[in-house]
Amino acid sequence: MTTQALILCEKHSDQADKIAPALGLKRDGNRYTGHWNGTAITLVWAAGHLLAPEEPATLTPEANWRDPRSLLPLPTVFPHTPTDRGRKYLGNLKQALSQAKEVWLATDPDREGEAIYRATITLAGRRQLLWPVALSLTACPDPPGSRYGGHQPTGHAL
């Protein structure tokens, strides 16, 4: 089954367990599923610190954190690898993303919430705009995605 919309939450108990009943979604293992206003929805949750930067020595054998000169020249791309905690969530998130036509961000409207979104989207190999979801339009006056590329998303309010 292809999901029309995926709601990505940052936390299970603080967000997913409160948003799901409000939308009439039912628990299905490690996700909530259902329909809202005629749209098939899957709601999943993540956690902070899904990824960590790779150790410098994996990029350049002589590089290390204790000798800043060994890190030069600075790379333009900073590869990341899943943390132990991240591996617990990323499989479920990638599977849910593969079935979604659009993603609604329902994390906290802060840098960590945006980092969770970006890590999840990047690892799933998707490129898409950030459209924050808030319980009210005033909850997210400066959406994280508005800081990139001059794009000013309007957001969605439930």
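Entry one, helix packing. I looked at helix 3 (residues 84-98) against helix 4 (residues 111-123) and found them packed at an angle of about 70°, their axes 9 Å apart. That angle makes helix 3 roughly perpendicular to helix 4. I keep in mind that this is a predicted model. I also noted the hand of the crossing between helix 3 and helix 4, which is right-handed.

Next I listed who touches whom. Helix 3 brings Leu90, Leu93, Lys94 and Leu97, while helix 4 brings Thr120, Ile121 and Leu123. Sorted by class, the contact of helix 3 with helix 4 has 5 nonpolar, 1 polar and 1 charged residues.

Entry two, salt bridges. How many does the structure hold? I get 4 salt bridges, and I wrote up three of them.

- Arginine 118 pairs with glutamate 114, with the closest N and O atoms 2.7 Å apart. Both sit in helix 4, 4 residues apart, about one turn of the helix. Glutamate 114 is buried because its relative accessible area is 4%, whereas arginine 118, at 35%, counts as partly exposed.
- Aspartate 84 pairs with arginine 87, the closest N and O atoms being 3.5 Å apart. These two share helix 3 and are 3 residues apart, again about one turn of the helix. Both aspartate 84 and arginine 87 are exposed.
- Arginine 69 pairs with aspartate 67, with 3.5 Å between the closest N and O atoms. I have arginine 69 down as exposed, at a relative accessible area of 67%, and aspartate 67 as partly exposed, at 26%.

Conventions
Residues are numbered from 1 along each chain as its sequence is written. This is a predicted model: local features need pLDDT of at least 70, side-chain atom pairs count only at pLDDT 80 or more; totals for chains, interfaces and linings use all residues. Side-chain values use heavy atoms; hydrogens and water are left out. Axes are lines fitted to C-alpha atoms, for helices over the stretch in contact, and angles run from 0 to 180 degrees between N-to-C directions. Angles under 35 degrees count as roughly parallel, over 145 as roughly antiparallel, 65 to 115 as roughly perpendicular and the rest as oblique. A crossing is left-handed if the near helix is turned anticlockwise from the far one by less than a right angle, and right-handed if clockwise. Contact means heavy atoms within 4.5 Å. Ala, Val, Leu, Ile, Met, Phe, Trp, Tyr, Cys and Pro count as nonpolar, Asp, Glu, Lys and Arg as charged, and the others, Gly among them, as polar. A salt bridge is a side-chain nitrogen of Lys or Arg within 4 Å of a carboxyl oxygen of Asp or Glu. Buried means under 20% relative accessible area, exposed over 50%, partly exposed in between (1.4 Å probe, protein chains only).
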